[in-house]
Amino acid sequence: MPHIQQLPPHVADLIAAGEVVERPASVVKELVENALDAHSSAVVVELRRGGMGLIRVTDNGCGIAPGELPTAFLRHATSKLRSPGDLGRIGTLGFRGEALAAISAVSRVEIRTRRQGDGAGASLALEGGVPGPVEETGAPEGTTILVRDLFYNTPARLKFMKKDSAETAAVAGLMQHLALSRPDVSFRFLKDGTEALHTPGDGRLDSAVYAALGRDFARSLLPVKGGGDGVQAAGFVTRPLQGRGSRAMQAFFVNGRFIKSQLLTAALEEGYRNQIMKGRFPGCVLAVSLPADQVDVNVHPAKTQVKFAREQAVFQAVYHTVLDALAAEGGPVPAAPAPAAALGKTAEPPGGFFRSMDAKTYREQGAPGAARPPAKPLPSWDTERPGPRLSDSAPPLRGEAPARPALGRGTPFPPLRGDAPPSVLGREGAAPGARPALPVEEHPPVPAIPRRSPELPGQEPVEPEREAPWRIAGEVLRTYIVCESGTGEVWLIDKHAAHERVNFDRMKAALEPPMRQALLTPAAVELGKEDGALLLENLPLLEDSGFACEDFGGGTVLVREVPADLDPEDVAATLEEIAGKLREGRSPAERREGLLHTMACKAAIKGGWKSGPEELRVLVDKVQSGEVRYCPHGRPVAVKITRYELEKLFKRA
């Protein structure tokens, strides 16, 4: 049995550093939080090679005394706690005293600092956690920390680092959250010499939102403010019609600290219930304030999760604040459907010729001004279209009179017997001065494609089509196909799920990239720094899937071409969902499969769309043949109801 021994201090420091320093973004978070606790009004963060080469954080805070510099890099050394009672009312971002020790243990660190009123500053260099001498140096008021060669002495951690672009995107996302948490502080972020973020620090949250998240997102927000029972909520939320395809644009802050909380997410989305489209999520920048002794921030090493002493009070404060803001913006909910203008669509002008219609309405109602299809099925050729028909150009059969020639453009068709009122068919009852109707020769109809006679030599009669094992009885709720089997079973088929599986199998088996459609106007999709960088990192995968994208700056991706099966209106929602899938997928195969899931879903028939009998028949054939059984997400596409179960519902069994 191995002997138990105490780890050397250096190894223990490396293990402890792994809990705090996960990637360059972790280093930036700890250093910037220390700068904010030092009462800084301006913070500058500079990155080289995604933070693996250099991280520089500069602030204009209170600085550190020269004699306290070596102590600052010891484990559990902090200026923010004095007694055990302070743990119950933590009001600072950093308090554990582990950040500087953990960072210096896995990198080469240099610090320069000067307090206000001191004539000179001080500097200290550390390598692998081992400090050198404190030296006097010239420095501006505040503190500057340089971190070089991160994880140089821990190769096991170094090999798990992502590309420089991905690490830079993670830091950019972190800087967004920090800037939103403190609008009174001016933040500046430089990556490889290029400025990526600069907030004014004027104390206005809307200015920070505009600088950090962009103009389009800022214009979609509603201000919210309210609370009760000692909990206050304030900030901005998106309008219901500006819902996002994921929760990536939800930012919550508790007492100035950015956190991830399922409780706050649930409270926010509960306020949007029945007001936002299914599959869309609200965005927000929401700050929650409550007494420091009512929240525990010491439950997670990265301090991104907290525990509330009164969860119900926090939930109610956020929920009612959001609900009241949405009600004040939209007014009372109308009983009838809102007019087109209220939904952001162009109202229909007189005559109904120029109509603004989205793709979904077009599929459900047909083209503007188009006639409704008759109740009875039409033949496969068009008998009502003016001008020459297929039958007009077909050669006459033996023994039949030639067909009437096609009439020229502008020549009215002569009235056919039985198709016009009696007053124009005969002499009796004719209008005064009207010319008598010309006699019309009646000819047997000539089919567009003449059938071959079985009596001709070498011709065999076509076998009648075999009856399908299921009979399509109809469709309910424009979502489920109702079928009846020969054994007395009733089947309900989810047409969206079935079509989604058909699309997924086709895309997965395809050897060539899908056909593309070029957008008339390139779509600028604002995804945020992290999701935008993630998509740009996977551009070859998007190219193979039919997308032509490029970087538009500021977390925005410019889309020029999309797959032919994809509705151009779904481009933004599709890319948001693809970014979420790419974030979850681990291997390239899993990432590709997740992308195909999203594309198959977006290109599939949606529940509520009007489908023709041919579409329904194709889906039913796929299901009854056993080719389609589950959708790509694993849900069944068909449900069977036996005759006994059906009769039992009516008390007949």
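The exercises below, each with a worked solution, concern a predicted model of a protein chain.

**Exercise 1. Describe the chain as a whole: how many helices and strands does it have, and what share of its residues counts as buried?**

Start with the secondary structure: the protein chain has 19 helices and 23 strands. Finally, consider contacts between residues at least 6 apart in sequence, among which 66% join residues at least 24 apart.

**Exercise 2. Determine how helix α13 is oriented relative to helix α18, and which residues make the contact.**

Take the geometry of the axes as the first step: those of α13 (residues 495-509) and α18 (residues 613-624) come within 10 Å and cross at roughly 70°. Angles of 65 to 115 degrees count as roughly perpendicular, and therefore α13 is roughly perpendicular to α18.

**Exercise 3. Carry out the analysis for helices α14 and α16: at what angle do they pack, and which residues meet?**

Helix α14 (residues 529-537) packs against helix α16 (residues 571-584) at an angle of about 80°, the axes being 9 Å apart. This angle makes α14 roughly perpendicular to α16. From α14, the residues D531, L534 and L535 meet L575, I578, A579, L582 and R583 of α16. By class, the contact divides into 6 nonpolar residues, no polar ones and 2 charged ones.

**Exercise 4. Characterise the aromatic pair of F315 and Y319: where do the two residues lie, and how are their rings arranged?**

Both residues belong to helix α10 (residues 311-330), in which F315 and Y319 are 4 residues apart, about one turn of the helix. A pair of aromatic rings is described by the distance of the centres and the angle of the planes. For F315 and Y319 these values are 6.2 Å centre to centre and 20° between the planes. Planes under 30 degrees apart count as stacked, so the pair of F315 and Y319 is stacked. Both F315 and Y319 are buried, and the structure holds 2 aromatic pairs.

**Exercise 5. Decide whether T556 counts as buried or exposed, and name the residues that T556 touches.**

T556 is located in strand β22 (residues 556-563). Because its relative accessibility is 13%, and buried means under 20%, T556 counts as buried. Leaving aside residues up to four places away in sequence, T556 touches A524, V525, E526, E550 and D551.

How values were computed: Residues numbered from 1 in each chain as written. Predicted model: local features only at pLDDT ≥ 70, side-chain atom pairs only at ≥ 80, totals over all residues. Heavy atoms only, no water. Axes fitted to C-alpha atoms, helices over the stretch in contact; angles between N-to-C directions. Parallel < 35°, antiparallel > 145°, perpendicular 65-115°, else oblique. Contact = heavy atoms within 4.5 Å. Buried < 20%, exposed > 50% of the residue type's maximum accessible area, 1.4 Å probe, protein only. Phe/Tyr/Trp six-rings, centres within 6.5 Å; stacked < 30°, edge-to-face > 60°. Nonpolar A, V, L, I, M, F, W, Y, C, P; charged D, E, K, R; others polar.
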